[in-house]
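These are my notebook entries on a model that is predicted. I set down what I looked up, entry by entry.

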Amino acid sequence: MNDAMHLIVGPGALGRLVALHLAGVAPVTVAGRRTLPAAQTLVTPEGVRRTVPLDMTTLAELPPLAPAYLHLTTKAYDAHAAYESAMARLAGAPILVLWQNGYQVQPELQRRHPGTVLCASTTEGAWLTGDEGVTHAGRGITYLGDLSGHHVERCRELAATLNRAGLTAEAVTDIETRLWHKLAINAAINPLVARYRIRNGQLRDRPFRPMVERVVDEVAAIMAKVGVSPPPAGWHALVWQVIEGTANNRASMLQDVLAGRPTERDAILGPLLAAAQRHGLDTPCLEALYGYLARGSVTLR
């Protein structure tokens, strides 16, 4: 058992997935806006149910702590407020681990945080089963790195802990590129499954497959202009690999739409559309999807 304490702020699907795994190897506290049951049930991709007791609290009632790690697993639009609320009650400067989609929050919080900041880019798939648990719908991999390049050993230590906890993780030195890659994956999957209210795997079927291909074409053109290298197998292969691996997953944006919550449209599509505008690229599919998420309707042709 590792005695380094992990505080997880943001008990959504990802936050509880990470907490339920880490609880087997290290002390874990989970904090959110409201109190959740201490007994949380994890359903594995194989259908096995495992109930684990977690130390659950709220940010308002968070006791003074000095955790080794502060994992921020909130939505991107909530990250700054959650960070401020947590840090106001913590002693010292824990290692801050940012799990957000997109590539806006990470550099901003790195500038604000007085301690080490690590970024996590994950393709794990999970969705909530009410207040009592989470379904691990698809296994992926989590890449860990820091934008400054000064904390390689810290990344290795956390990756080792996650691997011991049963989540595949790897420390990398090119996390900025990995975050752009994850942004491409999110842009190709999340808005479409949210628009059509389907699981990831249904994107393999018509009429959705051609839509995915067109979105990836637009994303690939943007990435070329901003100087982000494609993965070895190419952008299309990367996206389809993730769709295959998370076929049963209800993507986070779909969960937000079904629950009537705000979506991460600005975090996921905003940087891509801004880059497209700077470089004079035509992106009708991305713009239509952004329009749907902003207004609630879209037609892709």
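I take a helix to be a DSSP run of H or I with at least four residues, numbered from the N terminus. With that in hand, I looked up helix 4, residues 152-164, and found Arg154 and Glu157 both in it, three residues apart, about one turn of the helix. An α-helix has 3.6 residues a turn, so residues three or four places apart point the same way. The side chains of Arg154 and Glu157 form a salt bridge, 3.6 Å from N to O. I noted Arg154 as partly exposed at 39% relative accessibility, and Glu157 as partly exposed at 34%.

Entry on the other salt bridges. I recorded a count of ten salt bridges. One of them joins Arg112 and Glu84 at 3.0 Å, N to O. Arg112 belongs to helix 3 (residues 105-112) and Glu84 to helix 2 (residues 79-87), so this pair ties together parts 28 residues apart in sequence. Both ends are partly exposed: Arg112 has a relative accessible area of 37%, and Glu84 one of 43%. I also looked up Asp174, which pairs with Arg178, their closest N and O atoms being 3.2 Å apart. Asp174 counts as partly exposed at 31%, as does Arg178 at 21%.

Entry on helix 5. I checked its length: at 1.5 Å a residue, the 22 residues (175-196) should span 32 Å, and the end C-alpha atoms lie 31 Å apart, which agrees. I found a kink of about 30 degrees centred on Asn186. Just after helix 5, Arg197 has a positive phi of about 55 degrees.

Entry on aromatic rings. How many aromatic pairs does a search of the whole structure find? I recorded two. One of the aromatic pairs is Tyr196 with Phe208, tilted, with 5.2 Å from centre to centre and 50 degrees between the planes. The pair links distant parts of the chain, with Tyr196 in helix 5 and Phe208 in helix 6 (residues 208-226), twelve residues apart. Is Phe208 buried or exposed? Phe208 counts as buried because its relative accessibility is 14%, under the 20% cut-off. Tyr196, at 24%, counts as partly exposed.

Entry on charges over rings. I found Arg195 over the face of Tyr292, 5.4 Å from the ring centre. The charged end of Arg265 sits over the ring of Tyr290, at 5.6 Å from its centre.

Conventions
Residues are numbered from 1 along each chain as its sequence is written. This is a predicted model: local features need pLDDT of at least 70, side-chain atom pairs count only at pLDDT 80 or more; totals for chains, interfaces and linings use all residues. Side-chain values use heavy atoms; hydrogens and water are left out. Helices (H or I, at least four residues) and strands (E, at least two) are DSSP runs, numbered from the N terminus. The expected span of a helix is 1.5 Å times one less than its number of residues. The bend at a residue is the angle between axes fitted to the seven residues ending there and the seven starting there. Rings of Phe, Tyr and Trp (its six-membered ring) pair if their centres lie within 6.5 Å; planes under 30 degrees apart count as stacked, over 60 as edge-to-face and the rest as tilted. Buried means under 20% relative accessible area, exposed over 50%, partly exposed in between (1.4 Å probe, protein chains only). A charge sits over a ring if NZ of Lys or CZ of Arg is within 6 Å of the ring centre and within 35 degrees of the ring normal. A salt bridge is a side-chain nitrogen of Lys or Arg within 4 Å of a carboxyl oxygen of Asp or Glu.
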